[in-house]
Structures are given as C-alpha cells and as structure tokens.
Amino acid sequence: MKSIYVFDFDGTLTYKDTLLEFIKYSKGTFRFIFGFLLFSPLLVLMKLHLYDNGKAKQQLFAFYFQGMSLTTFDTLCHDFARDKHVLFRPQAFQYLQSIKKQADQILVISASIDNWVRPFFSTIFSAEDSFQVLGTKLEVRDGKLTGRFLTPNCYGQEKVNRLKQVLNEPRQTYSIKAFGDSRGDKELLEYADQGHYKPFR
C-alpha cells in the first residue's frame, strides 16, 4: 500500500495567507491597503458566503497583476519565497523533513497560485521535485498574465478532485494522511484515512 501525504499550504504549513503576503510584498503596503478598501464590499460578501470566493479572489488578483509579464511575475514569486521563508512553520518543516524518505508521494494542494507556492520548497528544502504542488494555475497570453485562472478555486471538494486526478490507481491501494486548518480542507480531511486538523501549532 502506497503512503500518500497531502498538505494544505496557507495556514497549515505557513503562519499566514500567502496571497495577502505576496500582494503586500510585490505591490507595497499602500497599494495593498488601497486594493482591499476598494474590494472590501466584495470580500465581506465572500466571507458571508454570498459571493463565490473563487471569483472574488480572481478579481482581486486581476486588479494587481493583470498585464504583468510572466517572467516578471515568476521572478517576484521566487524572490518572495526566498525573502519570506520565515512564513513557513518550523514544526511543519521538521515534519516534512522526517517523512521525505518514507513517503511514496507528498502533495501540497492549495488555492494559492502555484507559481509562488512551489519555490518555497526549492528554497527551504533544496528539493522542489520531492513535493508535488497542485495550486491555482494562471492564464497567460503572449507572455502576459490575463488576470484569469485556468483552474477552479481549490477549496472544499475541489481539493479532493485535484487529488483524485493524480492518484491513478484504486483508492484502496493508498494510505492517505491529510493536513489542513480551515473549512476549505474539510472534504479532504474526511476523504483521507487520517485527517489532521490544525497540526504544527
């Protein structure tokens, strides 16, 4: 039986939501605050579950990054992971180090953009290939970000859907341990053989 470890990223492996931290890092505090004041009515509706969180997130992302070249964006993502590696929880780091050899597969399933999630693992562990990141993918045209997402917001059942896409053998052949910290991880934790809520604290 294959041993599979699946981790949420924001709040589980990190202290904070990296989308917010990335915006602040790449655009500065003033523009960060301005954008959130501008989008505050939409964000309130999202929190009240009256507006789709994926659509809200995409509109916020487009406000800051639409039209940016992919090369510039990827450079920002790698710089962010390098400069903000302290966002990674020490206990999470130690646990990932301890399972790297015994796990058949380690996956990180996140609603965050995989362009900045993936570099955290090459920066901190010097072994990006040991971790498979399934994050939100961006639409790019003529080398520039359109502001739209290519994949659905990875929240709730979508996390289980993404996991099933990469596990191509019968479910009973896997032993799955999942780790999460929010309502968005509920279905994933229930799907796993072992679900760990708010670990590494």
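**Entry 1: what I have**

I'm working from a predicted model, so I keep that in mind throughout.

**Entry 2: helix 1 and helix 2**

I started with helix 1 (18-27) and helix 2 (29-47). At what angle do the axes of helix 1 and helix 2 cross? I get roughly 130°, and the axes come within 7 Å. Angles over 145 count as roughly antiparallel and 65 to 115 as roughly perpendicular, so I put helix 1 down as oblique to helix 2.

Next I looked up who touches whom. From helix 1 I noted L20, I23, K24 and K27, which meet T29, R31, F32 and F36 of helix 2. Sorted by class, this contact has four nonpolar, one polar and three charged residues.

**Entry 3: helix 1 and helix 4**

Helix 1 turns up again here, this time with helix 4. Their axes come within 10 Å and cross at roughly 110°. An angle from 65 to 115 counts as roughly perpendicular, so that is how I describe helix 1 and helix 4.

On the helix 1 side I listed T18, E21, F22, Y25 and S26. On the helix 4 side I found F73, L76, C77, D79, F80, R82 and D83.

**Entry 4: helix 4 and helix 6**

I stayed with helix 4 (residues 70-83) and moved on to helix 6 (residues 114-124). The two axes come within 8 Å and cross at roughly 45°. Angles under 35 degrees count as roughly parallel, so helix 4 and helix 6 go down as oblique to each other. Is the crossing left-handed or right-handed? I have helix 4 passing helix 6 in a right-handed crossing.

Helix 4 brings L70, F73, D74, C77, H78, F80, A81 and R82 to the contact, and helix 6 brings N115, W116, P119, F120 and T123. I sorted these into eight nonpolar, three polar and two charged residues.

**Entry 5: the largest pocket**

Last, I checked for open space. What volume does the largest pocket have? The value is about 840 Å³. I found 30 residues lining the largest pocket, with D17, M46, K47, N53 and Y155 the closest to its centre.

Which elements give two or more residues to the lining? I wrote down helix 1, helix 2, helix 3 (53-65) and strand 2 (105-113). By class, the lining divides into 12 nonpolar, eight polar and 10 charged residues.

Conventions. Residues are numbered from 1 along each chain as its sequence is written. This is a predicted model: local features need pLDDT of at least 70, side-chain atom pairs count only at pLDDT 80 or more; totals for chains, interfaces and linings use all residues. Side-chain values use heavy atoms; hydrogens and water are left out. Axes are lines fitted to C-alpha atoms, for helices over the stretch in contact, and angles run from 0 to 180 degrees between N-to-C directions. Helices (H or I, at least four residues) and strands (E, at least two) are DSSP runs, numbered from the N terminus. A crossing is left-handed if the near helix is turned anticlockwise from the far one by less than a right angle, and right-handed if clockwise. Contact means heavy atoms within 4.5 Å. Ala, Val, Leu, Ile, Met, Phe, Trp, Tyr, Cys and Pro count as nonpolar, Asp, Glu, Lys and Arg as charged, and the others, Gly among them, as polar. On a 1 Å grid over the protein atoms alone, a cavity is a set of points where a 1.4 Å probe fits but cannot get out, and a pocket is an open set with protein on both sides within 12 Å along at least five of seven lines; lining residues have an atom within 4 Å of a point. Grid points are joined across faces, edges and corners, and a volume is the space filled by probe spheres set on the points.
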